Amino acid sequence: MIMAKNKRTEQVNQITWTSPLRIRFNEVDSLGIVWHGHYISYFEDGRESFGMEHGLTYLDIHGHGYTTPIVKSTCEHKLPLKYGDNARIETSLLDTKAAKIIYRYRILNDNNQVVCLGETIQVFLDSSGNLQLYTPDFFQQWKNRLDFVSK
């Protein structure tokens with residue numbers, strides 16, 4: 001578990017997983033750089049990799065009777081990536097007492113420079129599509145297993 005300070009200088013718990021990215025030809029535009037819309041897909045790649053590593057995939061969540069639609073996403077572009085570049089995405093799940101999943105992303109190039117920063121917020125809906133105001137039991141148990149609980 002990694003401790004990091006958020007913008008309000010409060011301590012927050014987070015778990016971070018890093019996965020590689022290789023920039024493909026179909027992801028670049030006529031300027032030879034990654035088209036800005038692909039960064040949201042890279043965030044999804046990071047979430048999928050994080051979930052596979054930590055037992056929190058979309059199928060795991062669905063198996064418990066929930067879906068987790070994204071209700072907010074932000075993306076800040078700092079430097080371009082080009083066809084053939086290797087990069088990595090650091091995907092961090094932030095702990096929160098609210099019934100939501102908050103991921104933060106950092107995409108770094110081979111020179112360890114920050115290329116892009118972002119965040120997504122997902123909420124829990126039950127199988128009838130009802131917004132859950134309390135953290136589902138399965139998710140709280142998952143956090144407890146990882147000793148990943150807000151103090």
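1. Lining of the largest cavity. Its residues divide into five nonpolar, four polar and two charged. Here Ala, Val, Leu, Ile, Met, Phe, Trp, Tyr, Cys and Pro count as nonpolar, Asp, Glu, Lys and Arg as charged, and the others, Gly among them, as polar. The lining residues are R47, E48, G51, L56, T57, Y58, I61, T68, I101, Y103 and Q122. Two or more of them come from each of α1 (38-54), α2 (58-63) and β6 (100-109). The largest share, three residues, belongs to α1. Helices (H or I, at least four residues) and strands (E, at least two) are DSSP runs, numbered from the N terminus.

2. Basis. This is a predicted model: local features need pLDDT of at least 70, side-chain atom pairs count only at pLDDT 80 or more, and totals for chains, interfaces and linings use all residues. Residues are numbered from 1 along each chain as its sequence is written, and side-chain values use heavy atoms, without hydrogens and water.

3. Cavity search. The largest cavity holds about 80 Å³ of space. A cavity is a set of points, on a 1 Å grid over the protein atoms alone, where a 1.4 Å probe fits but cannot get out; lining residues have an atom within 4 Å of a point. Points are joined across faces, edges and corners, and the volume is the space filled by probe spheres set on them.

4. Confidence. The average pLDDT (the predictor's confidence in each residue, from 0 to 100) is 91, and 90% of the residues score at least 70. Residues 1-9 fall below 50, yet this stretch has 20 contacts beyond near neighbours in sequence. Contact means heavy atoms within 4.5 Å. Where pLDDT is low, the predicted coordinates should not be read in detail.

5. Helix α1. Its 17 residues should span 24 Å at 1.5 Å a residue, and the end C-alpha atoms are 24 Å apart, which agrees. The expected span is 1.5 Å times one less than the number of residues. Y39, Y42, F43, G46, R47, F50 and G51 are buried (under 20% relative accessible area; exposed is over 50%, partly exposed in between; 1.4 Å probe, protein chains only). Just after α1, G55 has a positive phi of about 70 degrees.

6. T67. This residue sits in strand β3 (residues 66-67). T67 is partly exposed, because its relative accessibility is 36%. F124 is 57 residues away in sequence, but 5.8 Å away C-alpha to C-alpha.

7. N112. Phi is near 65 degrees, positive in a residue other than glycine. N112 lies in the loop between β6 and β7 (114-123).

Technical notes:
1 Å grid on protein atoms, 1.4 Å probe; cavity = no way out; pocket = protein on both sides within 12 Å on 5 of 7 lines; lining within 4 Å.
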